[in-house]
Amino acid sequence: MSAVSRVAIVGSGVAGTAAAILLAEGGVEVDVFEKKPDLSALGSGITLQGNALRVFDQLGVWDRVKEAGYSFDQTGLRAPGPDAPFIAQIPDARTGGPEYPAVAGMYRPDLARILADRATELGARIHYGTTVTSFTQDDEGVDVALSDGSTGHYDLLIGADGLNSDIRRQLGIEVEPERTGMGIWRAFVPRPKDVTQTDLYYGGPVYIAGYTPTSEEMMYAFLVEPAQDRHLSSPEEGVEVMKGLSQAYGGPWNEIRASLDEASRVNYTWFTQHVVPDAWNRGRAVIIGEAAHSCPPTIAQGAAQAAEDALVLSELLLSRDQVDQSLWDEFHARRLPRATEVVEASVQLGQWQIDHVQDADVPGLMRSVAMLVSQPA
């Protein structure tokens with residue numbers, strides 16, 4: 001017996017679809033409400049650490065992720081300049097365990113499709129172009145009003161609707177993401193044959209220039225700069241900015257620069273950080289994933305922490321016979337300290353990169369991060 005039989009989830013990102021998969025597999029009736037009109041995902045690529053891959057295995061999608069992505073076990077550090085010499089090759093810790101690679105790069109829309117497909121295979125219903133406009137609750141359940149004019153009654157409402165979560169605001173939680181001072185350009189481009197891992201270039205006109213392979217054919221490239229208001233930049237302007245900023249970087253960046261065009265899905269986002277410092281639930285409504293916490297992608301833990309939230313919440317809901325305070329106490333005891341540590345480590349690494357990356361012990365920092373995220377959720 002589980003604590004819930006019918007659950008509404010707002011948002012079809014990693015947190016939402018992971019929760020949908022686990023709950024549906026456990027026999028729970030699940031409706032996912034996604035405001036986007038179809039299965040789409042912003043951006044180009046995503047880097048997944050081993051602890052994310054471990055959760056994806058529990059979701060039953062690791063084989064599909066492995067086939068669609070590109071896996072590797074080390075990261076290169078390179079210097080700017082025309083020759084882009086390697087400074088170091090750093091073995092990446094297998095934070096998910098020895099049976100998984102240390103890192104997998106993926107095309108972000110492919111990951112979204114794999115997770116959505118798995119959820120629907122197990123019986124979860126995903127309603128695109130629909131979201132929860134309001135809800136009321138009591139000790140027995142949650143009544144939701146939907147943007148299509150319909151209503152529904154559920155045992156639990158999960159807000160997995162991202163950084164700018166509407167469910168978070170409806171719950172009266174006033175914590176909002178804060179900018180950390182960095183902004184990132186990303187582009188999706190063909191993979192040069194000599195790119196077989198993530199390489200990070202430190203120094204030059206931006207904080208970090210890097211790339212991560214996402215398949216045998218493709219990869220995503222990124223440039224991290226001081227945060228700027230780029231929201232009015234057109235895709236064509238974004239291409240030109242990336243070409244200009246990358247002039248200081250050689251090696252594979254020469255091929256990347258030549259391949260940048262309007263088809264490269266160039267996009268720009270700010271680095272943010274936040275953690276809701278107390279309970280993530282209010283009664284029978286709870287937020288998870290980036291609705292509850294966000295971190296800069298400096299240690300590539302956004303998707304991993306979202307998936308871990310879903311795993312822990314679903315495990316508790318399926319193993320208990322009621323939604324009570326002891327369930328929420330255990331959920332927060334397992335997730336709040338871990339999410340807080342990851343956010344703080346991500347922000348700290350980003351600040352080191354801003355302040356004095358030239359004298360920072362980058363390999364040592366990466367080993368410390370690996371120890372932090374290698375423990376099960």
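These legends describe several close-up views of a predicted model. Local features need pLDDT of at least 70, side-chain atom pairs count only at pLDDT 80 or more, and totals for chains, interfaces and linings use all residues. Residues are numbered from 1 along each chain as its sequence is written, and side-chain values use heavy atoms, with hydrogens and water left out.

**View 1. Helix H1 and its surroundings.**
Helices (H or I, at least four residues) and strands (E, at least two) are DSSP runs, numbered from the N terminus. Helix H1 covers residues 14-25. The expected span of a helix is 1.5 Å times one less than its number of residues. For the 12 residues of H1 this gives 16 Å, and the end C-alpha atoms are 16 Å apart, which agrees. H1 is mostly covered, with 11 of its 12 residues buried. Buried means under 20% relative accessible area, exposed means over 50%, and partly exposed lies in between (1.4 Å probe, protein chains only). Among the buried residues of H1 are Val14, Thr17, Ile21 and Leu23. The buried residues pack against strands E1 (6-10), E2 (29-34) and E12 (156-159), and against helices H2, H4 and H8; contact means heavy atoms within 4.5 Å. Just after H1, Gly27 has a positive phi of about 95 degrees.

**View 2. The crossing of H1 and H4.**
The axes of H1 and helix H4 (residues 108-121) come within 8 Å and cross at roughly 25 degrees. Axes are lines fitted to C-alpha atoms, for helices over the stretch in contact, and angles run from 0 to 180 degrees between N-to-C directions. The angle makes H1 roughly parallel to H4. Angles under 35 degrees count as roughly parallel, over 145 as roughly antiparallel, 65 to 115 as roughly perpendicular and the rest as oblique. H1 passes H4 in a left-handed crossing. A crossing is left-handed if the near helix is turned anticlockwise from the far one by less than a right angle, and right-handed if clockwise. On the H1 side the contact is made by Val14, Thr17, Ala20, Ile21 and Glu25, and on the H4 side by Leu111, Leu115, Ala116, Arg118 and Ala119. By class, this contact has seven nonpolar, one polar and two charged residues. Ala, Val, Leu, Ile, Met, Phe, Trp, Tyr, Cys and Pro count as nonpolar, Asp, Glu, Lys and Arg as charged, and the others, Gly among them, as polar.

**View 3. Helix H4 and its buried residues.**
The 14 residues of H4 should span 20 Å at 1.5 Å a residue, and its end C-alpha atoms are 20 Å apart, which agrees. The buried residues of H4 include Pro109, Ala112, Ile114 and Leu115. The helices that the buried residues of H4 pack against include H1, H2 and H3 (62-68), and the strands include E3 (45-49) and E7 (103-107). After H4 comes Gly123, with a positive phi near 105 degrees.

**View 4. The packing of H2 on H8.**
Helix H2 (residues 50-58) and helix H8 (residues 302-319) have axes 9 Å apart and pack at an angle of about 40 degrees. That makes H2 oblique to H8. Their crossing is left-handed. Residues of H2 in the contact include Asn51, Arg54 and Phe56, and those of H8 include Gln305, Glu308 and Leu311. This contact has six nonpolar, three polar and two charged residues. In H8, 14 of the 18 residues are buried.

**View 5. Leu59, in the loop between H2 and H3.**
Leu59 lies in the loop between H2 and H3. Leu59 is buried, with a relative accessible area of 0%. Leaving aside neighbours within four places in sequence, Leu59 is in contact with Ala18, Ile21, Leu22, Leu115 and Arg118.

**View 6. Thr214, in the loop between E15 and E16.**
Thr214 is placed between strand E15 (208-213) and strand E16 (218-226). At 2% relative accessibility, Thr214 counts as buried. Thr214 and Tyr107 are 107 residues apart in sequence, but their C-alpha atoms are 5.7 Å apart in space.

**View 7. Two loop residues with positive phi.**
Most residues other than glycine have a negative phi. Ala84, in the loop between strand E5 (74-78) and strand E6 (86-91), has a positive phi near 45 degrees. At 1% relative accessibility, Ala84 counts as buried. Arg265, in the loop between helix H7 (253-259) and strand E17 (267-275), has a positive phi near 55 degrees. Arg265 is partly exposed, with a relative accessible area of 34%.
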